[in-house]
Amino acid sequence: MKEKLSALIDGELQSSDCQAHLGRLRTDTELRRAWDAYHLIGDALRGHIGADLTGRVVARLQEEPTVLAPQRKMTAAGRLAWYATSAAASVAAVILVVLTASSGWRAEPQFAAGTGTGVSGPVIPVAADQPAIDATPRLIGAEVENYLLAHQPYSHTSAMQGIVPYARTVAVERRTVRK
Amino acid sequence: MDERDLDRQLVERAQRGDKHAFELLVSKYQRKLARLLARFIRDPSEVEDVAQEAFIKAYRALPSFRGDSAFYTWLYRIGINTAKNYLVAMGRRAPTATEFNSEDAEGFEDGERLRDVNTPESVLMSKEIARTVSDTMDQLPEELRDAITLREIEGLSYEDIATIMNCPIGTVRSRIFRAREAIAERLRPLLETRKDRRW
């Protein structure tokens, strides 16, 4: 234990051991004596001999109110890293907002595995004055549309979509009328 | 982790209300600070008073210590300011800014013989401690004496000492510890009789 204290005093102890050892110094009188003695020896070897003021200072400290400072601020390197991360996150957020808000960006429709984008069948042209209410993918073949219309009541999403199933039905019917 | 990191950890503990941590810093730096103050305060008992006051001021000012400089550099400035205020209050000339500046703090080691900062009551004890340390050093095996000399007087790291002594770092650590323990064992009877001991 004292050998670790000796290394701690020299700044040669692993950081992980340091906190535990400083904690022991609070309660272990023998370790505390060694701390004082080792520093006295170092000072004596350097010719720095003088009165031991520790006792007097400790007595004065007992009369002092306990210091409770706010948590230490980050180091300069820590602050720099924090600012860099914040700036990068801000730039990424701005880029995402610009991309999603721009007219050229559109989320790709999601298809179930197996159907993919390679759905066979003719492409249905959509008129320019077509209402925006039609939210179904534009590349759906007539057969698929018919299938979806026929099975819509059994769809698990029907209860969640509210007016959408009805809107889709109307849109398809209008398209059918135009044909 | 170097010595500065150790001081920083002790300061952080003291800032969280651990007075024992600050006592460890007092124990570590008291003689270095007293030696600095003795450069411009002649009376040894006054040096002790000013050093004590400087430590108390440092303790009170702990919340403002941000760790931008080393703890001793910060303590050094407080010590100099306390000494200046003391000398002004006593109607004596305070040291000018050019006589002492904080850049000296880290490497404060002057070759000249400084004034003895002991009070008359402790002169004998201080001489006895110095003699005991010196005698024990002479009696130490050469490898222990070299290891502690390279560390305490030359200020070398364990890695550098290992290179010089051509041995593993673990051996250096063990030799320095054994040297310290041997000297501490010889000092123990003296230290236990000191009036100003707190244990």
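## Crossing of α2(B) and α4(B)

Helices here are DSSP runs of H or I with at least four residues, strands are runs of E with at least two, and both are numbered from the N terminus. Two packed helices are described by the angle between their axes and the distance between the axes. The axes of α2(B) and α4(B), the latter covering residues 71–89, come within 11 Å and cross at roughly 45 degrees; axes are lines fitted to C-alpha atoms over the stretch in contact, with angles between N-to-C directions running from 0 to 180 degrees. α2(B) is therefore oblique to α4(B), since angles under 35 degrees count as roughly parallel, over 145 as roughly antiparallel, 65 to 115 as roughly perpendicular and the rest as oblique.

From α2(B), the residues L25(B), Y29(B), L33(B), L36(B) and L37(B) meet F71(B), Y72(B), L75(B), Y76(B), G79(B) and A83(B) of α4(B), contact being defined by C-beta atoms, placed from the backbone, within 7 Å. By class, this contact has 10 nonpolar residues, 1 polar and no charged; Ala, Val, Leu, Ile, Met, Phe, Trp, Tyr, Cys and Pro count as nonpolar, Asp, Glu, Lys and Arg as charged, and the others as polar.

## The largest nonpolar core

The largest nonpolar core has 65 residues, of which I41(A), L33(B), L37(B), A51(B), L75(B) and A147(B) touch the most other members. Such a core joins buried Ala, Val, Leu, Ile, Met, Phe, Trp, Tyr and Cys residues through C-beta atoms within 7 Å, and a residue is buried if 20 or more other C-beta atoms lie within 10 Å of its own. Helix α2 of chain B, residues 19–37, gives the largest share of this core, 9 residues.

Leaving aside residues up to four places away in sequence, A147(B) touches I161(B), M165(B), V172(B), R175(B), I176(B) and A179(B).

Chain A has 8 helices and 0 strands, and buried residues make up 17% of its 179 residues.

The contact between the chains takes 48 residues from chain A and 63 from chain B. On the chain A side, α3(A) supplies the largest share, 13 residues, and by class that side has 22 nonpolar, 11 polar and 15 charged residues.

## Conventions

Residues are numbered from 1 along each chain as its sequence is written, while chains are lettered from A and ligands numbered from 1 in the order in which they are written. Because the model is predicted, local features need pLDDT of at least 70 and side-chain atom pairs count only at pLDDT 80 or more, whereas totals for chains, interfaces and linings use all residues.

Definitions and conventions
A residue is buried if 20 or more other C-beta atoms lie within 10 Å of its own, exposed if 12 or fewer, and partly exposed in between; C-beta atoms are placed from the backbone. Two residues are in contact if their C-beta atoms, placed from the backbone, lie within 7 Å.
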